[in-house]
Structures are given as C-alpha cells and as structure tokens.
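Here is a friendly walk through a two-chain model, written for someone who would like to know what to look at while turning it on the screen.

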Amino acid sequence: MISRLCHGLLARAARRWPVDLRDAMLAEWQAELHVLPTTAQRLRYAASLATSRPHREGAVVIRPHRDVAHGLLWLLSITVLPAVYLPLALNWTSSTDPIMIVWQTWVAAGSVVAAAVLGIVCGSLTTGVTQSIKPMAVARWTTGIAYVAILAYYVVEGSLDGALLTDMTYWALSAAALCTLAAWVARAGWMSLSWAIVVIAVPVSFWFANLHNGLSDFSALGMEPFFGGEHLPAFTFAVGKQELLHVIIFLFVYAHVLVLRHRAVPVPVVEAPKEVAA
Amino acid sequence: MNAELRLTVPVARVLAALVADPTGDHYGMELMQSSGLPSGTLYPILARLTEAGWLDKRWEDIDPSEAGRPARAYYRLTPAALPVARQRLAELHEQTRPAHAHVTKEATA
C-alpha cells in the first residue's frame, strides 16, 4: 500500500518534469526509493518530489477537450457544491443542546479543514480552467458565479431579502478584490504572502457577508452558556459552524490553487522570412 | 559550461557537498544527507547544474537482477566546474562572513 502510494507520488512528480528528462528522473528516484530503509523516509522522499516544481517547465500540451472538461467541472463545483452543502449543513448547525455542541465543534473544525482540502484537490484536478480564463480573472469569475449560485439558493429557500442581498453583494466585491490581489502577489513571486492574503480574505469577506447579522458585531449569538460564559470560544464556535464560512474557504482556496497551478502556454516563435529579415 | 549560475543557498550547499569529494561519485540520497536538502529541492538543482554543464551524470554499471536493486544515477563535478565552484563558494563564504570576523582579522594583522 505505502509502496504503491510512493510510486504513485513519484509518477505524479515525473509528469511535471520536462518530457526529455521524465523517464530518467523517474528511474533515478525509483532507484533511490528502493534502498530507503523506513516507510517514513520513503514517504517523505516521494512527497517532497510530488509537491515540488522542476527546474524548468515541461512543454505544455494543448488539449482543448481537457480544458473544456476542466472548465465545466469548475463551474459545477462552484455552483452545485455550495447549493447542496448549504442546506445539508443547516441540519447539523441549527441544533443547540450541550451534547450536540461538543459534536458540532468537532464537525465545524473538520469542515474548515475539509473545505480547504477540497479546494486544493479541485484546484489540482481542474488546472485547465486557466487556459480559458486568465489567471488574474479567476477570482472574479469564481466569486461572481458563486455569488449568483448562492443568491439563487436563497431565492429558492425564500430567505432572500434586501439585507441579505446587500451583505452578499459586499461579500462578492470584497472577495473578488482580495483574491485578485492575492493572485497579483502570487504572480510577483510572493507565494507565502499571497496565501496570507487569502487567509485574511476569508474573515474579512465573511464579516461583509454578515453585515446585518450579530456576527459582524462580534456577538457569540448566545452561545456563551455552552462555553462556561467565555465569549471568545463561544464566538469562535458561532463563526466556525457557519456553513457559509466553509463555502467561502472552499471557493477562495480553489481559486488561488488555480492561479498558482497555472502554466502559460508558450507563444510559438515565428521566424521572419529570410528575405524580410535580410 | 555556463559559469553564470545563480548561486542560491541550496545550490551552494549542493556544490559544497560535491566539492568536498570532487572525484567521488555522488548519488541523490547521499547528497540529500550531506546538503540537508529534501528530495524536492535537491533534484531540480542537480538537473539545473547538469544542464549548465557543471555536473556529469552517469548511470551505475550494475545488473539490477544480480544487485537486487535498480541502477543509481551518479553525479560528479566536471573538471571545468571544479575551480569555478571552489571560487564561487569562497566568494560566498567571504560575503556571508560576520562583520566582526573582518575586524578580528584586521586587528590580528
């Protein structure tokens, strides 16, 4: 099992290398992997290669069908997933009794992590999106389409009013602005800073999404009695279990991974005819 | 050989490990241990150095079925790269030496 996982990681790493080096590098890595004594060392060796980039980019294979499929998958992911998740999550976030609170705390924490992981996975699986949409525009498209999908969900649910519309509009604007900024920063080469901006964008845009809600006033929504009267853990819980927060994390991570995984298709060099060049 | 290679700290670590035994055959795992770099950092550096003409890469001459393992790839600094690598490492060492070391040296002189 571990051996297969390691070989899978190495194969994945090799696919990112230039075609002319791919087979040789894979053979070399497999030879080194073969003599590593412990499982932990083998996993670390393979994982490090799988998560790194080669010294130069491999040739980009232009596959329009793949890019269209990625685009459709991306569209489905940012519209259907929130629309399905929001009502489902309501079932476990609306109950408030002491036993459920403990369970909800763990599920809320798990949902935050799962949303980020899902964003990374989806971003890694649909890298062709940025061949159709410019990387700097991915955040705007992602938040714009998700904004329409979430509003449509609220319309169907019958809860859309002026306040909610205002909040969600502010959310979409702040999300698009901050995630686009993160994309620009990433393009300048500051990866860590770009991720920091994404992390900051989550609470900022979430605050905008709750402008007409007690959460924007840092209210714990009456959860203090479940946390020994302490405000901070109660407020953290009240925020952490918000299904919209998980959707926001998923969308932002997804959009940013797409930006980071973008590989420009090299522009073919056209040589001038000799008579003209002369 | 392209002598205008950008000497980052990880590249310097790899070069230092190679310069320490310039005639020896070095393989990936050994270089990971001597440079302290993870595989994901080391191999792109080795590939860059090889393409720039600093390293010779050759495959171990063994019969995998007899040896019970696949053949390894070995790296060695090219004769042209060795003096350049030594010089660049010495320059880097000089640049990164703490200021008080200069003062002590001058005072001793």
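Which backbone oxygen does the side chain of T180(A) reach? The side chain of T180(A) reaches the backbone oxygen of A176(A), at 2.6 Å. That distance falls under the heading of a polar contact, meaning a pair of N or O atoms within 3.5 Å; within protein, one must be able to donate a hydrogen and the other to accept it, and residues adjacent in sequence count only if both atoms are side-chain atoms.

Before going further, a word on the model: it is predicted, local features need pLDDT of at least 70, side-chain atom pairs count only at pLDDT 80 or more, and totals for chains, interfaces and linings use all residues. Residues are numbered from 1 along each chain as its sequence is written, chains are lettered from A and ligands numbered from 1 in the order in which they are written, and side-chain values use heavy atoms, with hydrogens and water left out.

**Around T180(A)**

T180(A) sits in helix α8 of chain A, residues 162-187. Helices (H or I, at least four residues) and strands (E, at least two) are DSSP runs, numbered from the N terminus. With a relative accessible area of 9%, T180(A) is buried. Here buried means under 20% relative accessible area, exposed over 50%, and partly exposed in between (1.4 Å probe, protein chains only). Leaving out residues up to four places away in sequence, T180(A) touches M136(A), A139(A) and R140(A), where contact means heavy atoms within 4.5 Å.

**The two chains**

Chain A has 12 helices and 0 strands. Of the 278 residues in chain A, 42% count as buried. Take the contacts in chain A between residues at least 6 apart in sequence: 74% of them join residues at least 24 apart. The accessible surface of chain A is about 14,600 Å², with 70% belonging to carbon and sulfur atoms; such areas come from the Shrake-Rupley method with a 1.4 Å probe, and for residues only the protein chains shown count as cover.

Chain B has 6 helices and 2 strands, and from the N terminus its elements run α-α-α-β-α-β-α-α. Of its 109 residues, 39% count as buried. Among contacts in chain B between residues at least 6 apart in sequence, 56% join residues at least 24 apart. Chain B exposes about 6,000 Å², and carbon and sulfur atoms supply 54% of that.

**Where the chains meet**

The size of an interface is often given as the accessible area lost when the parts come together. Between chain A and chain B about 1,600 Å² is buried, and carbon and sulfur atoms give 61% of this. Buried area is the accessible area (1.4 Å probe) that two parts lose on being put together, summed over both. E28(A), E32(A) and H55(A) supply 34% of the area that chain A buries against chain B, more than any other three residues.

In terms of contacts, 22 residues of chain A meet 22 residues of chain B. There are also 10 residue pairs in polar contact between the chains, both residues being at pLDDT 80 or more. On the side of chain A that touches chain B, α2 (19-35) and α3 (39-50) each supply at least two residues. The largest share, 11 residues, comes from α2(A). By class, this side has 12 nonpolar, 5 polar and 5 charged residues. Ala, Val, Leu, Ile, Met, Phe, Trp, Tyr, Cys and Pro count as nonpolar, Asp, Glu, Lys and Arg as charged, and the others, Gly among them, as polar.

**Salt bridges**

A salt bridge is a side-chain nitrogen of Lys or Arg within 4 Å of a carboxyl oxygen of Asp or Glu. The table lists some of the pairs.

| Residue | Partner | Closest N to O |
|---|---|---|
| E28(A) | K57(B) | 2.8 Å |
| D25(B) | R58(B) | 2.5 Å |
| R69(B) | E60(B) | 2.7 Å |

E32(A) is buried at 0% relative accessibility, and R72(B) is buried at 11%.

Within chain B, D25(B) forms a salt bridge with R58(B), a pair that links distant parts of the chain, 33 residues apart. D25(B) is partly exposed at 28%, and R58(B) is partly exposed at 39%. As for the other pair, R69(B) and E60(B), R69(B) is partly exposed at 21%, whereas E60(B) is buried at 13%. Salt bridges that share partners join D25(B), R58(B) and R76(B) into one network.
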